Amino acid sequence: MRNLLEIQKQLLPDLMDVLKKRYLILNQIMLEEVIGRRTLAVALNMTERILRAETDLLKAQGLIEIENVGMRISEAGLQLLEQMKPFVKELLGLSEMENKIRGTYGLRKVIVVPGDCEASETAKRELGRAGARALLEVIGNDDVVAVTGGSTLAVMAEQLTPPPAPIKGCWFVPARGGLGESLEIQANTIASGMAKRVGAEYRLLHVPDLLGREAYESLVHDHNIEEIVSLIRQARIVVHGIGDAMEMARRRKLDPEMVEEIVRDGAIAESFGYYFNGQGAVVHKMLTLGLRLEDIKSTETIIGIAGGRNKAKAIHAVLKFGQEDILVTDEAAAEEIVKSL
């Protein structure tokens, strides 16, 4: 397929541009479910006149339906998008980036979706959809799945759909405490939402993300807390986001002395409550209940999901840590990561 694409790019470059444009239109309509022409034109940075000509053609081909409320993709359009996925990955250069990142960091699988989720909510939903599919491919009966908080994981939870076969005896749990953040992006909320969408059970950990020494010592010996923490540490699958170190320090409202320490230690990424430097070494950890470093290292499948051009350095740092199995990211972050290789 790659050889054929290269030939087409040389002999029919205009055709490749048209193909890419029509794919992006179809994909955007699919992601939005129902969308008006003006909104679609803005999202794709395209004039309404050009878009009208394209959507009229797609309607004539039976790939979209145009109604009073807006445009929606047809069943034929959905089937075409699915058939085009491998081709489009080659066309956009995503497959090449996936292979480079997978080989460099020794990952089991890398998934790169089009776009930049920092600039586009649609790209962020596509990232969430890809993360949801990656999880459904590895989840099985009697699994314990630990998930962290964050806006990307919240979008991923919304994109989960029930698997073809029911999952039996599966539990979703938060990877650590999370009270104190916005309710929608707390690990507890995400764990329960994912469980409900796939028909699994869930347990919650009602403790703050950050604890003082005295509070930690008190809670760690509580019977109910001990029971849920024990279940969390049995997780076979961990799904987590990746954050910029300084952004996460601000979000957690860390005191200035601690922020200075994190900066001095060269931290550029945060995940699981641990801060990593550019070489992937843990330089700071928060006192929190949930997954420990030794639990993460013994977990069978770890799925990292993060995107956006500004997240590239943070993603690199966590990948250098060396525990990831599957990375789900976007085109913007992947481009920056590949540039630095």
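User: Over how many bridges do S3 and strand S13 pair, and in which sense?

Analyst: This is a predicted model. S3 is paired with strand S13, which covers residues 326–330. The sense of the pairing is parallel, and the number of bridges is five.

User: Which residue in S13 is the bridge partner of valine 112?

Analyst: S13 covers residues 326–330, and S3 covers 109–113. Valine 112 has its bridge partner in S13, and that partner is threonine 329.

User: Which strands stand at the edges of the open sheet of seven strands?

Analyst: The strand order is S3-S13-S12-S7-S4-S5-S6, with parallel pairing. A strand at an edge has a single partner strand, so one side of it is left without a neighbour in the sheet. The strands in this position are S3 (109–113) and S6 (201–202).

User: What angle does the direction of helix H9 make with that of S5?

Analyst: Helix H9, residues 187–198, packs on the sheet and touches S4 (144–147), S5 (171–174) and S6. Its direction and that of S5 make an angle of about 170 degrees.

User: At what angle does helix H11 run to S5?

Analyst: Helix H11 consists of residues 223–232 and lies across S4 and S5. Its angle to S5 is about 110 degrees.

User: Are H7 and H8 roughly parallel or roughly perpendicular?

Analyst: The axes of helix H7 (residues 121–138) and helix H8 (residues 151–159) come within 7 Å and cross at roughly 65 degrees. Angles of 65 to 115 degrees count as roughly perpendicular. Therefore H7 and H8 are roughly perpendicular.

User: Is the crossing of H7 and H8 left-handed or right-handed, and how many charged residues does the contact have?

Analyst: The crossing is right-handed. Residues in the contact include Lys124, Arg125 and Arg129 of H7, and Val155 and Met156 of H8. By class, the contact has five nonpolar and five polar residues, and the number of charged ones is three.

User: Is aspartate 142 buried or exposed?

Analyst: Aspartate 142 lies in the loop between H7 and S4. It has a positive phi of about 65 degrees although it is not a glycine. Most residues other than glycine have a negative phi. With a relative accessible area of 59%, aspartate 142 is exposed.

User: Is phenylalanine 272 buried or exposed?

Analyst: Phenylalanine 272 is found in the loop between S9 (267–271) and S10 (274–277). Its phi is positive, about 60 degrees, although it is not a glycine. The relative accessible area of phenylalanine 272 is 5%, so this residue is buried.

Terms used: Residues numbered from 1 in each chain as written. Predicted model: local features only at pLDDT ≥ 70, side-chain atom pairs only at ≥ 80, totals over all residues. Heavy atoms only, no water. Pairing = 2+ DSSP bridges. Helix = DSSP H or I, 4+ residues; strand = E, 2+ residues; numbered from the N terminus. Contact = heavy atoms within 4.5 Å. Axes fitted to C-alpha atoms, helices over the stretch in contact; angles between N-to-C directions. Parallel < 35°, antiparallel > 145°, perpendicular 65-115°, else oblique. Left-handed = near helix turned anticlockwise from the far one by under 90°. Nonpolar A, V, L, I, M, F, W, Y, C, P; charged D, E, K, R; others polar. Buried < 20%, exposed > 50% of the residue type's maximum accessible area, 1.4 Å probe, protein only.
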